[in-house]
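Please take me on a tour of this model, saying at each stop what to select next and what is to be found there.

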Amino acid sequence: MNEDRPGEDDLPGDEEEVGRPPGAGRLVVRFFLLPLFVVGTAVGIFLLFSLMTFERRSPRDYLSEVRGGSAGRRWQAAFELSRRIGAMKPGSERDAIAAESLRLFSTLSPARPEDVRVRRYLVLVLGKLGDRSAVPALLAATKDPDPETRLYSIWALGMLGDARAGDAVLDASREEDPGMRKMAAYVLGKLGDRRAAPRLKVLLEDRVPDVRWNAAIALATLNDGSGIAVLRSMIDRAALSRQARLSSDQEEAAMVNALKAFALLRDEGTLPLLEKVAREDPNLRVRDAARRAVEATRGKRP
């Protein structure tokens with residue numbers, strides 16, 4: 001028992017309630033609740049206007065802050081830019097932002113601690129903007145001393161889909177970091193280079209479930225069914241739970257991605273399992289993905 005917790009003798013009795021000064025409730029409202037309400041309203045208004053101002057900032061505003069802001073604000077501006085840049089429509093303005101982001105990235109040094117986080121998020125910006133002139137800088141970033149920058153650069157190269165990234169991504173797939181192997185397996189599928197198939201088949205035996213799953217899905221995008229056994233384990237909830245501890249959202253995402261892979265492979269041997277998932281799975285999105293895989297396997301439009 002907690003010794004600091006008051007006992008029954010310490011609690012107020014009926015006589016104390018009866019003897020409470022008249023108007024005490026009004027005093028509480030007057031001296032505590034009303035000021036609290038006023039302060040809360042003021043803070044809410046301040047946050048609302050701050051948010052409205054923040055939302056109105058343009059990509060150029062963020063780039064200006066990345067270039068000349070304080071050390072703490074530069075990486076935050078780069079982070080916000082990486083979150084919002086995808087909403088930019090194609091055109092001259094987007095192209096100009098891509099060129100400016102690349103120039104700015106080239107001025108940052110991986111040896112300066114204050115530049116490390118800024119570089120991480122600018123790598124994401126370069127990937128989302130989709131300008132292939134950034135490929136040489138991103139290839140160099142795959143050798144960056146910062147592991148997160150290396151990881152993000154592999155992802156960005158996958159977004160650009162440039163064949164020049166193949167060797168760098170294959171190298172990344174051999175790293176000790178399982179997160180890097182997982183990302184590399186995903187990107188090898190995005191690049192669509194069949195020469196990656198032998199390495200992806202090795203990754204099917206990886207000790208980390210996420211790596212195996214991404215390798216199987218990547219092989220499916222290359223129209224290679226070598227990962228069918230792994231994919232089947234991803235759409236069997238019992239088998240999936242034995243491989244990794246996943247949240248419901250993660251489990252759903254894994255199953256849907258595997259089912260999309262089956263829609264590409266059209267493997268008739270998996271048809272009974274697909275039909276069972278389409279009929280019995282408790283998740284509506286999973287059932288719909290299974291139904292599409294069934295239709296594709298039977299030769300119908302998914």
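Rings of Phe, Tyr and Trp, the last represented by its six-membered ring, are taken as a pair if their centres lie within 6.5 Å. With that in mind, and remembering that this is a predicted model, select Trp75, Phe79 and Tyr121, which form one aromatic cluster. A search of the whole structure finds two aromatic pairs; in one of them, the ring centres of Phe79 and Tyr121 are 5.3 Å apart and the planes stand at 70°, so this pair is edge-to-face. Because Phe79 belongs to helix α4 (residues 71–84) and Tyr121 to helix α6 (residues 113–129), the pair ties together parts that are 42 residues apart in sequence. Colouring by accessibility would show Phe79 as partly exposed, at 31% relative accessible area, whereas Tyr121, at 13%, counts as buried.

Next, select Leu138, which is among the residues with the most contacts inside the largest nonpolar core, a set of 81 residues. The largest share of this core, nine residues, comes from helix α15 (residues 248–265). Beyond its neighbours within four places in sequence, Leu138 is in contact with Val123, Leu126, Ser153, Ala156, Leu157 and Leu160.

At the start of α17, a side-chain oxygen of Asn283 comes within 2.8 Å of the backbone nitrogen of Arg285, while Gly299, with a positive phi near 90°, follows the helix.

Definitions and conventions: Residues numbered from 1 in each chain as written. Predicted model: local features only at pLDDT ≥ 70, side-chain atom pairs only at ≥ 80, totals over all residues. Heavy atoms only, no water. Core = buried A, V, L, I, M, F, W, Y, C linked by side-chain atoms within 4.5 Å. Buried < 20%, exposed > 50% of the residue type's maximum accessible area, 1.4 Å probe, protein only. Helix = DSSP H or I, 4+ residues; strand = E, 2+ residues; numbered from the N terminus. Contact = heavy atoms within 4.5 Å. Polar contact = N/O pair within 3.5 Å; in protein donor to acceptor, adjacent residues only side chain to side chain. Phe/Tyr/Trp six-rings, centres within 6.5 Å; stacked < 30°, edge-to-face > 60°.
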